[in-house]
Amino acid sequence: MVEVKEKQYNDLLLVQLKEGIHKHKTMAFSFDVDNGILKYQGRQYFPNIDGLRERIMTEAHTSRYSLHPNSTKMYHDLREVYWWNDMKRNVADFVGRCPNCQQVKAEHQRPGGLTQNIDILMWK
């Protein structure tokens with residue numbers, strides 16, 4: 001939590017949003033006074049500084065309790081607590097790069113095989 005707070009002060013967009021909150025111009029974002037972090041509709045905003053988002057996704061994907069969830073499940077789990085721009089796309093790309101998930105997917109896919117010609121009967 002402390003690291004998130006520190007990283008939010010390094011993001012220029014977040015500094016502008018915090019100023020908008022204090023001036024009552026930004027309604028979707030709020031500032032959690034207790035923790036000192038910016039939130040979007042009650043969810044913590046994570047800036048993309050020093051690989052912070054990548055570490056959150058790694059922890060969510062390889063945790064002993066989650067066991068490599070697919071991108072949809074992982075996105076829904078993360079979005080309950082966190083928010084950032086293009087979150088769904090970032091999660092899908094992250095899961096797509098996971099070597100364990102790619103191996104599991106290959107087992108469940110049916111091989112393409114060769115195409116077969118279909119005889120067409122002409123009625124007279």
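How many salt bridges does the structure hold? The structure holds three, where a salt bridge is a side-chain nitrogen of Lys or Arg within 4 Å of a carboxyl oxygen of Asp or Glu.

Before I go through them, a word on the basis. This is a predicted model, in which local features need pLDDT of at least 70 and side-chain atom pairs count only at pLDDT 80 or more, while totals for chains, interfaces and linings use all residues. Residues are numbered from 1 along each chain as its sequence is written, and side-chain values use heavy atoms, with hydrogens and water left out.

Let me begin with glutamate 54 and arginine 97, whose side chains meet in a salt bridge at 3.1 Å, N to O. Glutamate 54 lies in helix 3 (residues 52-62) and arginine 97 in the loop between helix 5 (87-96) and helix 6 (99-108), so this pair ties together parts that are 43 residues apart in sequence; helices here are DSSP runs of H or I with at least four residues, strands are runs of E with at least two, and both are numbered from the N terminus. As for accessibility, buried means under 20% relative accessible area, exposed over 50%, and partly exposed in between, with a 1.4 Å probe and protein chains only. On that scale glutamate 54 is partly exposed at 35%, whereas arginine 97, at 51%, counts as exposed.

The next pair sits within one helix. Lysine 73 and aspartate 77 form a salt bridge with their closest N and O atoms 2.9 Å apart, and, being four residues apart in helix 4 (residues 71-79), they are separated by about one helical turn. Lysine 73 is partly exposed at 45%, and aspartate 77 is partly exposed at 35%.

In the remaining pair, aspartate 86 and arginine 89, the closest N and O atoms are 3.8 Å apart; aspartate 86 is partly exposed at 46%, while arginine 89 is exposed at 54%.

I turn now to the core. A nonpolar core is a set of buried Ala, Val, Leu, Ile, Met, Phe, Trp, Tyr and Cys residues joined through side-chain atoms within 4.5 Å. The largest one has 20 residues, of which Met57, Met74, Leu78, Tyr82, Trp84, Met87 and Val91 touch the most other members. Strand 2 (37-40), helix 3, helix 4, strand 4 (82-83) and helix 5 each supply at least two residues, and the largest share, four residues, comes from helix 5.

Finally, leaving aside residues up to four places away in sequence, valine 91 touches Met57, Ser71, Met74, Tyr75 and Leu78, contact meaning heavy atoms within 4.5 Å.
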